[in-house]
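Notebook open, model loaded. I want to jot down what I look up, one entry at a time.

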Amino acid sequence: MIKPFIGGMTWGWTGIRGTWGNEEAIRSMQLMAQRLNVNWTAVTFAAMQAHPQATKIAYKEAPTVTDQEVRHAIGEAKRLGLKVVLKPVVNCADGTWRAHINFFDHDVPCEPKWSDWFASYTDFMLHYAAIAEETGCEMLCIGCEMVQTDRRESEWRALIRKVRAVYSGLITYNCDKYQEDHVNWWDAVDVISSSGYYPVNDWERQLDRIEAVVRRHRKPFFFMEAGCPSRQGSDALPNDWGLAGDPDEQVQQTYLETMFGACDSREWVGGFMLWDWPAQLYPENQASSNDDYCMFGKSGEHVVKRYYTQKTREHEEANG
């Protein structure tokens, strides 16, 4: 178990340049801390590659937030007393999900190559690892839901060695849902994490499966992503952000209650970095018509605050 419990929220996605350094973004983070009683946040943003077989990651260019904006967000989180996971993520500009970034297993002349992609990805990650070290981030997430890359064990191990040369904090990798038992290099990171978008009626079975992985590797574990849109039908497919359905905050509330309840009896679950809280919030008086993952102004907000407050109190009592 991670101590203290990670009662966290993902902030800032997708990290669009120009949206992090203003008063609205500061207010968003302040409301997140106040409304949810979080003790951690994942400062999360995306850099783009053109398509799944592109080998250049354009992290210095718009729309990615600037380094100044990243430092500003981390500084604001620290001012609020939060611990920080810095989470740089790669997205495909053509809309393809990053899990489909993939190349031939063996390099072929005149074709895009794993070696070229990992060279660019390593530059990208080392850039932000240096910022994480400079700003005192407690954790760095070196990848998110990159399913087709997971099998490239030697490249990931090489990347982690290079990251450790510039960053002294905890390192985690956010595998995708159902992939916890398909990563063969968990021993190289400090913390195992995954995206816990499991159907509302399937949590116990999935926790049984994940527990075997955690026990085998003897590593701390938490859910780097988890949550459910406030939308009818989303409790059965919480990872589908485009699912058609009417807004329904009760769906989100029930999902969060069920998830917390299932995980609370598993002492190895070290916490959550819920998905997600944007830098530019919708007006609170429009919360009932918002059908996204953010629970600002919805009944799910109270579920999260109550649970995080309970877990914080339990930790304080256990540690005197």
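**Helix against helix.** I started with the contact between α1 and α2, where Ile-26, Met-29 and Gln-30 of α1 meet His-72, Ala-73, Glu-76, Ala-77 and Arg-79 of α2. Contact here means heavy atoms within 4.5 Å. By type, the residues of this contact split into four nonpolar, two polar and two charged. For that sorting, Ala, Val, Leu, Ile, Met, Phe, Trp, Tyr, Cys and Pro count as nonpolar, Asp, Glu, Lys and Arg as charged, and the others, Gly among them, as polar.

Two packed helices are described by the angle between their axes and the distance between the axes. For α1 and α2 (residues 67–79) I read an angle of about 35°, with the axes 10 Å apart. Axes are lines fitted to C-alpha atoms, for helices over the stretch in contact, and angles run from 0 to 180 degrees between N-to-C directions. The crossing of α1 and α2 is right-handed, meaning that the near helix is turned clockwise from the far one by less than a right angle.

**Ground rules, before I forget.** This is a predicted model, so I note that local features need pLDDT of at least 70, side-chain atom pairs count only at pLDDT 80 or more, and totals for chains, interfaces and linings use all residues. Residues are numbered from 1 along each chain as its sequence is written, and side-chain values use heavy atoms, with hydrogens and water left out. Helices (H or I, at least four residues) and strands (E, at least two) are DSSP runs, numbered from the N terminus.

**The barrel.** Next I followed the strands. Eight of them make a closed barrel in the order β1-β2-β3-β4-β5-β6-β7-β8, with parallel pairing. Neighbouring strands of this sheet are turned by 25° against each other on average, direction ignored. Helix α1 (residues 23–36) packs on the sheet, touching β1 (6–11), β2 (40–49) and β8 (269–277). The direction of α1 makes about 155° with that of β1. Helix α5 (residues 203–217) packs on the sheet too, touching β6 (191–195), β7 (221–225) and β8, and its direction makes about 125° with that of β7.

**Strand by strand.** Two strands pair if DSSP finds at least two bridges between them. How many bridges join β1 and β2? I find four, in the parallel sense, with Met-9 standing opposite Thr-41 in β2. β2 and β3 pair in the parallel sense over 10 bridges, and here Ala-47 stands opposite Val-90 in β3. β3 (residues 83–92) and β4 (residues 139–144) pair in the parallel sense over two bridges; Val-85 has Met-139 in β4 as its bridge partner.

β2 is mostly covered, with nine of its 10 residues buried. Buried means under 20% relative accessible area, exposed over 50%, partly exposed in between (1.4 Å probe, protein chains only).

**Salt bridges.** I get 26 in the structure, a salt bridge being a side-chain nitrogen of Lys or Arg within 4 Å of a carboxyl oxygen of Asp or Glu.

- Lys-56 with Glu-61: the closest N and O atoms are 3.9 Å apart. Lys-56 is exposed at 56%, while Glu-61 is partly exposed at 40%.
- Arg-151 with Asp-105: the closest N and O atoms are 2.8 Å apart. This pair links distant parts of the chain, 46 residues apart: Arg-151 is in the loop between β4 and α4 (153–164), Asp-105 in the loop between β3 and α3 (114–135). Arg-151 is partly exposed at 40%, and Asp-105 is partly exposed at 43%.
- Lys-311 with Glu-314: the closest N and O atoms are 3.4 Å apart. Both lie in helix α7 (residues 299–318), three residues apart, about one turn of the helix. Lys-311 is buried at 11%, and Glu-314 is partly exposed at 35%.
- The network links Glu-204, Asp-208, Glu-211, Arg-215, Arg-266 and Glu-267 by salt bridges.

**Tyr-198.** Last entry. Is Tyr-198 buried or exposed? Tyr-198 counts as buried, at 0% relative accessibility, and is found in the loop between β6 and α5. Not counting residues up to four places away in sequence, Tyr-198 touches residues including Lys-177, Tyr-178, Trp-203, Phe-223 and Tyr-255. I also checked Leu-237: 39 residues from Tyr-198 along the chain, with 7.3 Å between the two C-alpha atoms.
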